[in-house]
Amino acid sequence: MFSIVFLSALLAFSVTGSPVEVRNSPITLPMTRRLAFSNITDLLRHDEARLAAFGAYSTHDPRDVDTPTHPAVPLKHADVGDTFSDYTVNVKIGDSPTTYNLIVNSASAITWVGAGLPYLSRTGIDTQQPVQVNYGYGSFQGTMFIDELNIGNVERLTIPEMVFGVASTSQNIAADGVLGIGPSSSGRGALRNFPLGTIQTVTERLVVQRAMTRPIVGIFFQPLVENQIINGEICFGGTNPSMHSKHVTYIDVTTIAPSSQHWGINQRITFGNIVILPTTAGVVDSGCNFLYLATDAYERYRTATGGILNQANGLLQITLEQYDQLSPLRFHIDTRDYKLGPNAQIWPRFLNYSINGGNNDIFLIVKALATPTGSGLDFINGRPFLQRFYTVFDGSKDRIGFSRTPYTNAKTN
């Protein structure tokens with residue numbers, strides 16, 4: 001039976017009604033980039049597990065990884081991976097002196113610790129409610145606790161009664177746990193005794209604490225630059241205007257499943273004058289290392305670019321002459337267009353060594369899902385997209401916003 005304190009903290013709420021008094025402006029914290037993988041197979045496995053968690057699969061050279069070919073599985077929480085290709089923030093819990101390094105995950109609502117450093121606080125309340133989350137090829141299971149949680153050592157980002165998981169066992173999680181900033185619906189199925197229930201997310205709890213008006217998170221990623229460790233930001237309660245253009249344009253979260261259970265949108269994609277993907281649903285995700293398109297859209301992109309599949313890494317490769325002629329890849333979202341220029345469509349060349357490529361080889365960052373258009377999840381706007389456009393997840397109005405950044409047209413790759 002659920003305890004009263006657990007039930008009161010468990011139920012996700014709607015941010016409506018009378019406004020709350022907010023003490024200060026939005027708070028921005030740096031995010032640390034962790035990038036360590038032995039080869040392209042690690043990155044593909046990382047993305048493969050994330051896609052399976054969304055209800056999709058990718059396709060690539062079977063010699064690189066074992067790729068599932070059966071239909072999409074039911075929704076699970078997206079993989080955080082055992083490959084170091086992620087962004088993290090520091091979190092403290094209760095009276096423990098331990099600082100936990102947690103992966104920022106836009107695909108899951110569940111926050112938890114214990115994969116690395118143990119949970120040692122003496123002030124926590126054990127709800128005795130089991131929780132289990134599968135992350136593709138990683139997982140954790142444990143118990144839900146209630147304790148004070150602080151993000152980034154910022155006083156305003158303190159939540160006195162946060163519901164979070166404490167792992168008793170975990171597999172293939174290369175951090176101390178996860179800070180979940182996904183919509184509350186992405187937490188369904190995690191609570192063993194309450195499978196259809198959701199819990200209040202970190203951002204929702206910060207609204208309850210009047211640390212911010214609405215559960216909004218702004219995400220900024222700078223394109224990868226060699227030897228740069230801190231190249232991302234997370235903003236709680238709004239956006240950091242210094243990192244994006246004057247206007248943020250919003251679009252409602254899609255109603256098409258399974259994309260609707262995550263930060264999903266409808267969009268159309270063109271390459272030059274060619275419609276690569278008609279208007280359809282997909283997901284905006286901070287964790288995928290590549291852009292993913294439905295199989296038919298991928299084939300149209302491959303044909304239009306003239307890319308040839310590199311057998312060593314499973315990516316499309318083009319020549320310098322083809323790169324010079326590469327058309328923009330445009331994402332038509334509601335009434336606005338978001339353009340990825342030629343440089344934004346290629347893998348960072350300083351990392352070519354990690355994907356079995358030569359120093360001057362040019363590889364495209366667009367890959368294929370395993371299903372054609374019409375599956376309900378026909379694209380993943382992964383990290384290459386977020387590295388060029390400031391992204392805002394607004395849980396109060398179920399919408400996502402985008403804006404240009406100083407790096408939208410950067411030629412860092």
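Which residue's side chain meets Asp296 in a salt bridge? That's Arg300, at 3.1 Å, N to O. By salt bridge I mean a side-chain nitrogen of Lys or Arg within 4 Å of a carboxyl oxygen of Asp or Glu.

Quick housekeeping: this is a predicted model, where local features need pLDDT of at least 70 and side-chain atom pairs count only at pLDDT 80 or more, though totals for chains, interfaces and linings use all residues. Residues are numbered from 1 along each chain as its sequence is written, and side-chain values use heavy atoms, with hydrogens and water left out.

Okay, helix H4, residues 295–305. Helices here are DSSP runs, H or I, of at least four residues, and strands are E runs of at least two, numbered from the N terminus. Asp296 and Arg300 both sit in H4, 4 residues apart, about one turn. Asp296 is partly exposed at 25% relative accessible area, and Arg300 is too, at 31%. For the cut-offs, buried is under 20%, exposed is over 50%, and partly exposed lies in between, with a 1.4 Å probe and protein chains only.

Last stop: Arg399 and Asp394 meet in a salt bridge at 2.7 Å, N to O, and both are buried. Shared partners join Arg214, Asp394 and Arg399 into one network.
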